[in-house]
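Thanks for asking me to look this over. Here are my notes, point by point, to read with the model open beside you.

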Amino acid sequence: MSKSVKVRDVFIGEGLPKICVSLIGRTSLELREEAALLKELPIDIIEWRGDYFSEVDEIGSVIDALHVIRNTIGNIPLLFTFRTADEGGERQIEKEAYFLLNKRVVETGLVDLLDMELFTDEEAMKEVIKLAHGQQIKVVLSNHDFEITPSKEEILSRLQKAQQLGADIPKIAVMPQSVKDVLTLLDATATMKEIAADLPIVTMAMGGKGAVSRMAGEIFGSAITFAAAKKASAPGQIPIEELRNILNILHKSLSHS
Ligand SMILES: O=C1C[C@@](O)(C(=O)O)C[C@@H](O)[C@@H]1O
């Protein structure tokens, strides 16, 4: 039985995969409007994609925007992510600025989860993880491959590396070039679930071919699925209401088996 991760009232890794939707506003005003919209939808977690924010270089503006988001979304768990251009994000950032931003966000205590990219400076990353854990913030260590799907062994080794570095939730997103690649991702997910049974993991194959991986997490072992509100934050995301229905259908089938 795998251990779940509790953020506010949400148990990640138990029951249905949790639906996460990204805030991708460029200004504080846009973020407020988006957050108000998301609050009314059947979602479990909100991700703020800080790399979309036009004032992300100004720590003060980031903190102000965080207050706006937190005040708007109430008790919904908030994940902060700065996705670098190297891994499919909106902009590039110096390593030092990346860690400083993540540290400052953690220090506010306004977020519940923090995403950091796996392939970066490990010492600096460990320091932020320690800081986050001191604030009861859970850490997602992620990796994105927008070109290909690595081998099963490589996917497993990346997820395990995330686990060894102290992730509460290891995550990987890959791009399938074929249907077999989707199977590779699902196979790696199911295997990781068996060998790392005490941690929830998050996996997805992006693009149209990979969409099934965003629906079938409860079967194969992925604990969070990212859905699209008005605009997707990655290729292949499914609209929230449709995804919710599919998750419910698969959940029912599993409880009958
Ligand atoms: O890492 C992820 C997953 C994602 O890339 C996806 O494929 O749904 C979407 C991103 O916003 C998020 O940070």
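Leaving aside neighbours within four places in sequence, which residues is G50 in contact with? I take that up in point 2.

1. Ground rules. What you have is a predicted model: local features need pLDDT of at least 70, side-chain atom pairs count only at pLDDT 80 or more, and totals for chains, interfaces and linings use all residues. Residue numbers start from 1 along each chain as its sequence is written.

2. G50. Leaving aside its neighbours within four places in sequence, G50 is in contact with V56, V62, F80, T81 and F82; two residues are in contact if their C-beta atoms, placed from the backbone, lie within 7 Å. G50 sits in the loop between β4 (45-49) and α2. Helices (H or I, at least four residues) and strands (E, at least two) are DSSP runs, numbered from the N terminus. G50 is buried, since 24 other C-beta atoms lie within 10 Å. For that label, a residue is buried if 20 or more other C-beta atoms lie within 10 Å of its own, exposed if 12 or fewer, and partly exposed in between, with C-beta atoms placed from the backbone. Twelve residues along the chain separate G50 from V62, and their C-alpha atoms are 8.1 Å apart.

3. R91. Look next at the loop between β5 (78-81) and α3 (95-108), where R91 is found. R91 is partly exposed, because 15 other C-beta atoms lie within 10 Å. Apart from neighbours within four places in sequence, R91 is in contact with D51 and A85.

4. The nonpolar core. The largest nonpolar core has 72 residues, and L114 and V139 are those with the most contacts inside it. Such a core is a set of buried Ala, Val, Leu, Ile, Met, Phe, Trp, Tyr and Cys residues joined through C-beta atoms within 7 Å. The most is given to this core by α6, with five residues. Not counting residues up to four places away in sequence, L114 touches F80, N102, V105, V106, A132, I137, V139 and V140.

5. α1 on α2. Helix α1 (residues 28-39) packs with helix α2 (residues 59-73) at an angle of about 20°, their axes 9 Å apart. Axes are lines fitted to C-alpha atoms, for helices over the stretch in contact, and angles run from 0 to 180 degrees between N-to-C directions. The two helices are therefore roughly parallel; angles under 35 degrees count as roughly parallel, over 145 as roughly antiparallel, 65 to 115 as roughly perpendicular and the rest as oblique. On the α1 side the contact is made by S28, L31, R32, A35, A36, L38 and K39, and on the α2 side by D64, A65, V68, I69, T72 and I73. By class, that contact has eight nonpolar, two polar and three charged residues. Here Ala, Val, Leu, Ile, Met, Phe, Trp, Tyr, Cys and Pro count as nonpolar, Asp, Glu, Lys and Arg as charged, and the others, Gly among them, as polar.

6. α6 and its partners. Helix α5 (residues 152-164) and helix α6 (residues 179-195) have axes that come within 9 Å and cross at roughly 45°, which means α5 is oblique to α6. In α5, K152, I155, L156 and L159 meet T184, L185, D187, A188, T191 and M192 of α6. This contact has six nonpolar, two polar and two charged residues. The axes of α6 and helix α7 (residues 207-215) also come within 9 Å, crossing at roughly 25°, so α6 is roughly parallel to α7. V179, V182, L185 and L186 of α6 make the contact with K209, G210, V212 and S213 of α7.

7. Two backbone angles to check. R8 has a positive phi of about 50° although it is not a glycine. R8 lies in the loop between β1 (5-7) and β2 (10-12), and is partly exposed because 13 other C-beta atoms lie within 10 Å. Q136, also not a glycine, has a positive phi near 60°. Q136 is in the loop between α4 (122-134) and β7 (138-145), and counts as exposed because it has 10 C-beta neighbours inside 10 Å.
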